[in-house]
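Have a look at the model first, then read on.

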Amino acid sequence: MFGFGDIIKFLISFFVILPMVTLIHLSGHIFFATLFGGSEKKIKIGCGPIVCSFWNVELRRYYFWNGACEFKSLRHDNRVTNTFIYLGGSLFNLTGIFLIQNLVSEGIIDKSVFWDQFIYFSFYMLFFSLFPMDFSDGSPSDGKAVVLTLKNQHERKISDDIQFRKKEEQNDSKETFKDHNN
């Protein structure tokens, strides 16, 4: 049966664990963008107006809903590096799953509903990120962006949660991203 304790678990899952999994996912994209020489990197957690900003992370009013990252040019910009950037979020989620699973199995952290939910939402993020589809706004999932990139058919170089921008597109990028997340 569904009781009061389940409501608390639900709230923690959606307002704590899901944003944490989203941050890990976006950090994976930014890690590879940094590795390949990306400049002016930023992670945006949630959507809506900015609540606060620290370092290169913006926390938005609806922090529990979605997220995105953006950066300008890459020093190494080719199909292979772009593929790693698109897959970076999923690789970080997968690493998080294995890390938590190993920590629990070794007895370093206790098995709990929190960690079960963390693994569940990480798999959820992993699946929908890699599933090759277009989202309702027309942007491809990371998986579809990889397929298009490898076929050399992905000229806009965006996905649902990544905004690649070249230096000359800086002003256009701010308006596009603003419209996409507000």
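## Helix 2 against helix 3

In this predicted model, helix 2 (residues 79-105) and helix 3 have axes that come within 9 Å and cross at roughly 155°. That makes helix 2 roughly antiparallel to helix 3, since angles over 145 degrees get that label. The crossing of helix 2 past helix 3 is left-handed.

Who's doing the touching? On the helix 2 side, it's Leu87, Ser90, Asn93, Leu94, Gly96, Ile97, Ile100 and Gln101. Helix 3 answers with Trp115, Phe118, Ile119, Ser122, Phe123, Met125, Leu126, Ser129 and Leu130. Sorted by class, the contact of helix 2 with helix 3 has 11 nonpolar and 6 polar residues, with no charged ones.

## Helix 1 against helix 2

Now for helix 1 and helix 2: their axes come within 7 Å and cross at roughly 140°. Helix 1 and helix 2 are therefore oblique to each other. Helix 1 goes past helix 2 in a right-handed crossing.

From helix 1, the residues in this contact are Val21, Ile24, His25, Ser27, Gly28, His29, Phe31, Phe32 and Ala33. They meet Phe84, Ile85, Tyr86, Gly88, Gly89, Ser90, Leu91, Phe92 and Asn93 in helix 2. How does the contact of helix 1 with helix 2 split by class? There are 10 nonpolar, 8 polar and no charged residues.

## Helix 1 against helix 3

Helix 1 also packs on helix 3, with axes that come within 9 Å and cross at roughly 50°. That angle makes helix 1 oblique to helix 3. As for handedness, helix 1 passes helix 3 in a right-handed crossing.

Helix 1 brings Lys9, Ile12, Ser13, Phe14, Val16, Ile17, Leu18, Met20, Val21, Thr22, Ile24 and His25 to this contact. Helix 3 supplies Val113, Phe114, Gln117, Phe118, Phe121, Ser122, Met125 and Ser129.

Val21 of helix 1, for instance, touches helix 2 and helix 3. Ser90 of helix 2 is in the contact with helix 1 and in the contact with helix 3. Phe118 of helix 3 turns up in the contact with helix 2 and in the one with helix 1.

## The largest pocket

How much space lies in the largest pocket? About 610 Å³. The largest pocket has 21 lining residues, and Asn66, Tyr124, Met125, Phe135 and Asp160 are the ones that lie nearest its centre. Helix 1 (4-35), strand 2 (57-71) and helix 3 (113-130) are the elements that give two or more residues to the lining.

Which element gives the most to that lining? It's helix 1, with 5 residues. By class, the lining of the largest pocket has 9 nonpolar, 8 polar and 4 charged residues. Met125, one of those nearest the pocket centre, is also part of helix 3's contact with helix 2 and of its contact with helix 1.

Most residues other than glycine have a negative phi. Glu40 isn't a glycine, yet it has a positive phi of about 50°. You'll find Glu40 in the loop between helix 1 and strand 1 (42-54).

Asn152 has a positive phi too, at about 60°, and it isn't a glycine either. Asn152 sits in the loop between helix 4 (142-150) and strand 3 (162-164).

Terms used: Residues numbered from 1 in each chain as written. Predicted model: local features only at pLDDT ≥ 70, side-chain atom pairs only at ≥ 80, totals over all residues. Heavy atoms only, no water. 1 Å grid on protein atoms, 1.4 Å probe; cavity = no way out; pocket = protein on both sides within 12 Å on 5 of 7 lines; lining within 4 Å. Points joined across faces, edges and corners; volume = space filled by probe spheres on them. Helix = DSSP H or I, 4+ residues; strand = E, 2+ residues; numbered from the N terminus. Nonpolar A, V, L, I, M, F, W, Y, C, P; charged D, E, K, R; others polar. Axes fitted to C-alpha atoms, helices over the stretch in contact; angles between N-to-C directions. Parallel < 35°, antiparallel > 145°, perpendicular 65-115°, else oblique. Left-handed = near helix turned anticlockwise from the far one by under 90°. Contact = heavy atoms within 4.5 Å.
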